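Please keep the structure in view while reading the numbered points.

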Amino acid sequence: MADQRTRPADPAAAPVGATEGAPAPLDAQLAAQLEASFAGTLVERLGMEVLSLSPSGGTMRMPVAGSTQPAGLLHGGATIALAESIASVAALLRAREVHGEGAQAVGTSVSALHHRSAREGWVTATCTPRHLGRQVASYLVDVHDEAGTLLSTITVATQLLPPR
């Protein structure tokens, strides 16, 4: 039985923070590949779900429950993990677009600015490109709560590696 983490998004339930021209929902083949690669990882443990994805960005969400600090607020590290996860899978697609199947992407820098926090519900990360080169891809990730309030702004830089 497939879980909801990597299923295509319901078109009637567009993610908060999504914009016109945003990546389309996942196709079944990509969803299955991601589901297999996420097994046993932090993405799975935090309940993250990919809603849309392309080499130029995407959206991913996670529940606040299970990702809080002792004060009951969404943990900043969990927020960063969400942002880095969506940017990393987008960068992986970019690496394969540029260098072919078997290429990889690795994170080189993450910088976060937390504006507010959440106590419940879901948060959604929307990833947009800032630079899509042959060796480096960098993304800006905005994290919103269900009401559309901006919680965090995170930049993620990645190095694109050709197959070995």
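1. Strand E5 is mostly covered, with eight of its ten residues buried. Here buried means under 20% relative accessible area, exposed means over 50%, and partly exposed lies in between (1.4 Å probe, protein chains only). Helices (H or I, at least four residues) and strands (E, at least two) are DSSP runs, numbered from the N terminus.

2. On the basis of the note: this is a predicted model, in which local features need pLDDT of at least 70 and side-chain atom pairs count only at pLDDT 80 or more, while totals for chains, interfaces and linings use all residues. Residues are numbered from 1 along each chain as its sequence is written, and side-chain values use heavy atoms, with hydrogens and water left out.

3. Which strands pair with E5? E4 pairs with E5 in the antiparallel sense over nine bridges, and nine bridges also join E5 to E6, again antiparallel. Two strands are said to pair if DSSP finds at least two bridges between them. As examples, Asp142 in E5 is the bridge partner of Thr126, and Val156 in E6 is the bridge partner of Tyr139.

4. E4 and E5 form a hairpin with three residues between them. E5 and E6 form a hairpin with four residues between them, and Gly148 in that turn has a positive phi of about 90°.

5. The largest nonpolar core has 37 residues, and Leu53, Val123 and Val141 have the most contacts inside it. A nonpolar core is a set of buried Ala, Val, Leu, Ile, Met, Phe, Trp, Tyr and Cys residues joined through side-chain atoms within 4.5 Å. Helix H1 (28–38), E1, E2, H3, E4 (122–132), E5 (136–145) and E6 (150–161) each supply at least two residues of this core. The largest share, ten residues, comes from H3.

6. What does Val141 touch? Not counting residues up to four places away in sequence, Val141 touches several residues, among them Ala83, Ile86, Ala87, Cys127 and Ile154. Contact means heavy atoms within 4.5 Å.

7. Gly57 deserves a separate remark. This residue is found in strand E2 and counts as buried, at 0% relative accessibility. Gly57 and Tyr139 are 82 residues apart in sequence, and their C-alpha atoms are 7.5 Å apart in space.

8. How many salt bridges are there? A salt bridge is a side-chain nitrogen of Lys or Arg within 4 Å of a carboxyl oxygen of Asp or Glu, and by this rule the count is three. Side chains of opposite charge can pair when their charged atoms come close.

9. Glu49 forms a salt bridge with Arg61, the closest N and O atoms being 2.7 Å apart. Glu49 lies in strand E1 (residues 49–54) and Arg61 in strand E2 (residues 57–63), so this pair ties together parts that are twelve residues apart in sequence. Glu49 is buried, with a relative accessible area of 10%, whereas Arg61 is partly exposed, at 25%.

10. Glu97 and Arg94 form another salt bridge, with closest N and O atoms 2.7 Å apart. Because they are three residues apart in helix H3 (residues 76–99), about one helical turn separates them. Arg94 is buried, with a relative accessible area of 14%.

11. Glu101 and Arg96 also form a salt bridge, their closest N and O atoms being 3.7 Å apart. Glu101 is exposed, with a relative accessible area of 68%, while Arg96 is partly exposed, at 28%.
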